[in-house]
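Please keep the coordinates open while reading.

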Amino acid sequence: MNEEIDFNELQSSFDIKAFIFKVISYWKVFVLTIAIGLSIAYYKNVRKENIYKLNSLISVENEQNPFFTSNTSISFNWGGVTNKVQTVMTTLKTRSHNEKVLDSLQYYIQYLEQGKYRKNDIYKNAPFIIDIDKSQGQLLGQPIGIRFLNDNEFEIFTAYESNISQAQIYSTKEKIAINIPSGEFTKKFRFGERINLPFLNGTINRRELLKPVKGAEFYIQFLNFDGVVNQYKNLIAVEPYSKGSSVLTLSLTGSNKSKIVDFLNATTEILSQTELERKNLYATKTIKFIDSSLAAVSGKLKDVEDEMNTFRKENKLFNIDAEGSKISDELKEYDFKKREINTTIEYLNSLEKYLLTKTDYTNIAAPTTAGINETNIVASVRKIIDLSTERQKLQYTTKESSDLFKDIDRRINAEKNVLLETINSTVRTLRIQLNTVNNTIANLEYKLSELPQDQQKFLKIQRKFNLSDQAYNIFQAKRGEAAVVKAANVSDINVIDEAKDIGGGLIGPDTKMNYIIAIFVGILIPLAFIVLITFLDNNIHTVADIEKLSKIPVLGIIGKYKNTGNLAVINNPKSAISEAFRVVRSSLQFMYKSQNIEGTKTVLVTSSISGEGKTFCSINIASVFALTDKKTVLVGLDLRKPKIFDDFFVNNEIGVVNYLIGDKTLNEITQTTQVKNLDVITSGPIPPNPSELLMSDRMDVFINELKKTYDIIVLDSPPLGLVTDAVELVEYADATVYMVRQNYTKKEMLSLINDKYKRGEVKNISFLFNYYSHKKNQSYGYGYGYGYGYGYHEDDSKQSLLNKMKSFFKLNKK
């Protein structure tokens, strides 16, 4: 009995079985929430647009120009294939690329038709097409109605609340504010007629193959260009077909399969064109450089040719002697060498200046255009251009502060330093060669000085002609070479499997998943609610709860009594609740017998707080003893809140208080009742000092006088948890009954009586579980004390539908 009780440990225990039964008892709520969830899922499923996913396959190859051989003097494929696949994948996701694609497809224009639940995008199925004026503003985000009147006319109709809105000029992508007509607006036009409205500018033409019925209505809607670009940029998915493969899978999701197909094919086509333009960039620049050089050489060649013909006519000189011809041929050879060396030095000096003053090295002219074939220089220029191109493409996806830029810049600077050293070394070598050539030319010119003056002058003119003519022929050859290479270039992007609508491709909405989610949520919400109220609920519901919280035995169980008044045993002697009190009586008699108590027996009925059925049980315990021909008295000792007089049709004008103050005798305060063998002593008028009265010596005299007259004394005391009166009265009781009401008494309220029980302040105490209603989710709650009780006054099957519903939705019914 004195075993220490850890209340917190008892309270923290969790009955998983009881919780499962509680969950099951809410099955109607689960059915309701699941039904609601499924209804919402169905509502969403039938209103959602179908989502499709289509794809295409492309390959990224290093297509070698068929005309580029080891004998070709001009090289254009400096970029190689390093990271080409990754570069293509990055390019497809860039804003600049997707802007080109969407601008070509004009996906910022939507063609809509009113459906059952929404306006549907019908794209090419619209019976008309609009050719917008890109230099004028088009209304953003609000549908513009098109109503077909006949084969030649249509009507534009709108209905806007505000007269100010936003428009976009698609040529510049600029957004502007415009004034639009508020309220309903309609205006007729002919197909092909120019439309100039504040919110729409362009021409609407019919698609001849699609003929809508008269009065058919459609809509056009303009979207923010940047928003559409960003949408498709995020939607397009690019990934290798297999690990390490140069084949890429392009996929896109959307609600209109035709738009998906066109976008995938357009993005591939524009990517291919861009790659070919990049590949031809070097050849284009080389041809441009050669053309400018050819123009200068051609003009100089013509001037020298005219000068030579004029000289011949004027001097009638047509033949040069053999010695002069020999010297002239030698000079011609060295003049060519001198020109080549000077051209190379000029290119190298220009290249050095470019490297020292520029930061973008992608526009360096090919060394071979200047006749430079030195391996080190060509390789270094190629590496610098490759790295510069790589850096340029990183700008689309990488921040400038990234370590990738720092690494590329470091590699560019290292290669640039090597190239500058190579240029300086080569220029020094070329200048030595140039000095040698100049000395040789000077010797040959000295020999020519011995010829006649007219021949000397003619040979000088001829030398200039030969130089110009050779330069012209060289540039012509190189230009033809570059043109052939450019014409033969093919894109590195090849389409393996273009996008095509062959049926299928549906990926959403996932109606099954929506229903699964609906069921899951329909279960989760009430389950979470049950868990919440379970852990927040601090009421005692079953006998098992009491046994977990206290070592004090349970005397019995009293069911609900829904009739008016408290005389359950007297008014309904054959009811189940009367039988429950008889069981309590038997349990009390067993207690008295086990304690060898002879003569008058006293029982004290108390509780934690008001409302737990203390007075109800006191009256019926007294009644059930009186029915066994035991002289019984019911004493109302709750001096602050007297109650027991109403049910017996007696008054409370005099009572225990009058006796304790010496104002009345026991006979004067005792009142008989309609129940045989049962007397009642009410508490009497409310005194100012109830505790002092109950602790007075007169109380001992009062109890002793009662024992002389009665076999059973039932003391209806005040709540133990509120006042100390009941503690003082325990000493007069042979048995103490502590009331616990189902779904009312708080678990922590038992801590007080547990503490007093542990310290031995109360003895022979038992719990009486009151107002019990058995539910399917609860155990029967049999006590392990001196006995048990049960009782239902009303059959649940006979309850009205309204009462059943109230009981079902009552939160604390468990």
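Phe649 is found in the loop between β20 and α17 (656-660), where helices (H or I, at least four residues) and strands (E, at least two) are DSSP runs numbered from the N terminus. The model is a predicted one, in which local features need pLDDT of at least 70 and side-chain atom pairs count only at pLDDT 80 or more, whereas totals for chains, interfaces and linings use all residues. Residues are numbered from 1 along each chain as its sequence is written, and side-chain values use heavy atoms, with hydrogens and water left out.

Phe649 has a phi near 60°, a positive value in a residue other than glycine, and Phe649 is exposed, with a relative accessible area of 72%; here buried means under 20% relative accessible area, exposed over 50%, and partly exposed in between, computed with a 1.4 Å probe on protein chains only. A positive phi in a residue other than glycine also belongs to Asp629, with a value near 65°. Asp629 is found in the loop between α16 and β20 (632-636), and with a relative accessible area of 57% Asp629 is exposed.

Is the loop residue Ser608 buried or exposed? Ser608, in the loop between β19 (601-607) and α16 (614-626), is buried, with a relative accessible area of 2%. The side chain of Ser608 is joined to that of Tyr738 by a polar contact of 2.5 Å, a polar contact being a pair of N or O atoms within 3.5 Å, of which, within protein, one must be able to donate a hydrogen and the other to accept it, and for which residues adjacent in sequence count only if both atoms are side-chain atoms.

Two threonines in helices can be taken next. Thr90 is found in helix α4 (residues 84-92), and a polar atom of its side chain lies 2.9 Å from the backbone oxygen of Gln86. Thr90 and Leu394 are 304 residues apart in sequence, yet the C-alpha to C-alpha separation of Thr90 and Leu394 is 8.7 Å. Thr268, in helix α7 (residues 257-315), is buried, with a relative accessible area of 6%. Not counting residues up to four places away in sequence, Thr268 touches Ser56, Ile58, Leu250, Ile493 and Val495, where contact means heavy atoms within 4.5 Å.

The helix pairs come next, and for these the axes are lines fitted to C-alpha atoms, for helices over the stretch in contact, with angles that run from 0 to 180 degrees between N-to-C directions. Helix α3 (residues 27-47) packs against helix α12 (residues 511-536) at an angle of about 150°, with their axes 8 Å apart. α3 and α12 are therefore roughly antiparallel to each other, since angles under 35 degrees count as roughly parallel, over 145 as roughly antiparallel, 65 to 115 as roughly perpendicular and the rest as oblique. Among the residues that make the contact are Phe30, Gly37 and Tyr42 of α3 and Tyr515, Gly522 and Pro526 of α12. The residues of this contact divide into 13 nonpolar, 6 polar and no charged, with Ala, Val, Leu, Ile, Met, Phe, Trp, Tyr, Cys and Pro counted as nonpolar, Asp, Glu, Lys and Arg as charged, and the others, Gly among them, as polar.

Helix α12 also meets helix α2 (residues 16-25), and the axes of α2 and α12 come within 11 Å and cross at roughly 135°. α2 and α12 are therefore oblique to each other, and α2 passes α12 in a right-handed crossing. Phe19, Lys22 and Val23 of α2 make this contact with Leu527, Ile530, Val531 and Thr534 of α12, a set that divides into 5 nonpolar, 1 polar and 1 charged.

Helix α5 (residues 95-105) and helix α6 (residues 225-235) pack at an angle of about 110°, with their axes 9 Å apart, which makes α5 roughly perpendicular to α6. The residues of the contact of α5 with α6 divide into 5 nonpolar, 2 polar and 5 charged.

Seen as a whole, the protein has 23 helices and 25 strands, and 46% of its 814 residues are buried. Among contacts between residues at least 6 apart in sequence, 79% join residues at least 24 apart.

How values were computed: Left-handed = near helix turned anticlockwise from the far one by under 90°.
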